[in-house]
Amino acid sequence: MIKIVIDKDIPFLEGLFDPFARVVRIAGKDIGADAVKDADALIVRTRTKCNAALLEHSTIKLIATATIGTDHIDTDWCRSRGIEVCNAPGCNARAVLQWVAAVLVHLLRRRKSRPEETTLGIIGVGHVGSLVLEYAEMWGFKTLCCDPPREEREHLGFMSARDVFMRSDIVTLHVPLDATTYHLVDKYMLSSAHKPFIINASRGETVDTEAILASGAEFALDVWEGEPNIDLRALARAEVATPHIAGYSLQGKANASAVVVQTIARYFGLPLTEWYPSQAERSKPSPITWEQLCSRIGSYCDIDAESRRLKEHPHLFEKIRNEYDYRQEFF
């Protein structure tokens, strides 16, 4: 019988693999070499660093991460050892879109402004960024885009990150974390007198915390350098602050869990290749006007309440995140 080690905070998986495998459920941060040394598969989130230190003496054959990114996994090392890695790109894109929408509503209300008076810069036009672009244009924002890999492939007329920063009122980041995006927002990017409002729901390390604090720029953060031990100065300064839950919708979590379960099932020949959690209805994407968004977003994503909670209890970052009541996607 195969052995599967699972981050216990990944939803919908309780008892699912028990008829087919020996299952060990552990908090992601506590998954160590002893737990995986005789395991065949590992199901994780970003809190588990999958590298040589964890895997060197293990029998792991497959790592399935219920996340869109893989920066917590040493994919080159895994490849060299024949360990297959699977992630869930786009699984929570609509959830992140709706978190960004909540931030935009909050900010424009504070500024007493309208979308048609606002230029929104989008850096990273992949699964999430493409949705943000689609809906932002529907709401009337003027949009500018930056995505160097897509620009190189598709010649779409996208701009450089620096130009987007210089010409936008608000900039939202939707990039993976790699060598080209680490501290993408740095003191050079923030050196101009013009500083857009910065929204980051990608990875904390894409923004240089010291640089953004020194710059005087305004910002909304869902992701943080060093999380869960976040910089309290950045927390105090943030217009909006949430504990890495932008993608935490019921549907987003269901999609991610479905991807990892189906991947494990195909790899080991288990009868779960079509599985989707019964607790969640699939998303029903629909258009929505800015007025409709403003009237409804607070019922689905109360960004002010969520921000207050983290600001009042920063030491509970991980607890708030792990016990978060998943939002319903509504457009």
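Me: In this predicted model, why is Ile-320 called buried?

Reply: The relative accessible area of Ile-320 is 6%. The word buried applies under 20%, and 6% falls under that limit, so Ile-320 is buried.

Me: Where does Ile-320 lie, and which residues does it touch?

Reply: Ile-320 has its place in helix α13. Leaving aside residues up to four places away in sequence, it touches Pro-243, Arg-309, Leu-310 and His-313. A contact requires heavy atoms within 4.5 Å. As for Gly-247, it is 73 residues from Ile-320 in sequence, and the two C-alpha atoms are 14 Å apart in space.

Me: How do you know on which side of helix α12 its buried residues lie?

Reply: In α12, residues 303-312, the buried residues include Ile-303, Glu-306, Ser-307 and Leu-310. These four cover an arc of only 100° around the axis, which places them on the same side of α12. Among the elements that cover the buried residues of α12 are α4, α9 (232-237), β11 and α13.

Me: How many aromatic pairs does the model contain, and what makes the pair of Trp-139 and Phe-331 edge-to-face?

Reply: The count comes to 10 aromatic pairs. For Trp-139 and Phe-331, the ring centres are 6.2 Å apart and the planes stand at 75°. A pair needs centres within 6.5 Å, and edge-to-face needs planes over 60 degrees apart.

Me: Why is the pair of Tyr-248 and Tyr-326 described by the word it receives?

Reply: Their ring centres are 5.8 Å apart and their planes are at 70°. With the limits of 6.5 Å for the centres and 60 degrees for the planes, this pair also counts as edge-to-face. Tyr-248 sits in the loop between β11 (240-241) and α10 (250-268), and Tyr-326 in the segment after α13, so the pair ties together parts that are 78 residues apart in sequence. The relative accessible area of Tyr-248 is 5%, under the limit of 20%, so Tyr-248 is buried.

Me: Which residues form one aromatic cluster?

Reply: The cluster consists of Tyr-135, Trp-139, Phe-141, Trp-290, Tyr-300, Phe-330 and Phe-331.

Me: What makes one say that Arg-282 lies over the face of Tyr-276?

Reply: Arg-282 is at 3.8 Å from the ring centre of Tyr-276. The limit for a charge over a ring is 6 Å, together with a position within 35 degrees of the ring normal. Arg-162 likewise lies over the face of Tyr-188, at 4.6 Å from the ring centre.

Me: How do you know which strands are the edges of the sheet of 6 strands?

Reply: This open sheet has the order β7-β6-β8-β9-β10-β11, with parallel pairing. β7 (142-146) and β11 are the edge strands, since each pairs on one side only.

Me: What makes β8 and β9 a pair of strands?

Reply: Strand β8 (residues 170-173) is joined to strand β9 (residues 197-200) by 4 bridges, and the two run parallel. At least two bridges are required, so β8 and β9 pair. One example is Leu-173, whose bridge partner in β9 is Asn-200.

Me: Why is β6 called mostly covered?

Reply: In β6, 5 of its 5 residues are buried. Thr-119, Gly-121 and Ile-123 point one way, Leu-120 and Ile-122 the other way, and all of them are buried. β6 is also joined to β7 by 5 bridges, and the partner of Ile-122 in β7 is Cys-145.

Me: What makes β2 and β5 the edges of the sheet of 5 strands?

Reply: The order of this open sheet is β2-β1-β3-β4-β5, and the pairing is parallel. β2 (21-26) and β5 (84-86) each have a single partner strand, so one side of each has no neighbour in the sheet. On average, neighbouring strands of this sheet are turned by 15° against each other, direction ignored.

Conventions. Residues numbered from 1 in each chain as written. Predicted model: local features only at pLDDT ≥ 70, side-chain atom pairs only at ≥ 80, totals over all residues. Heavy atoms only, no water. Phe/Tyr/Trp six-rings, centres within 6.5 Å; stacked < 30°, edge-to-face > 60°. Buried < 20%, exposed > 50% of the residue type's maximum accessible area, 1.4 Å probe, protein only. Arc of directions from axis to C-beta. Axes fitted to C-alpha atoms, helices over the stretch in contact; angles between N-to-C directions.
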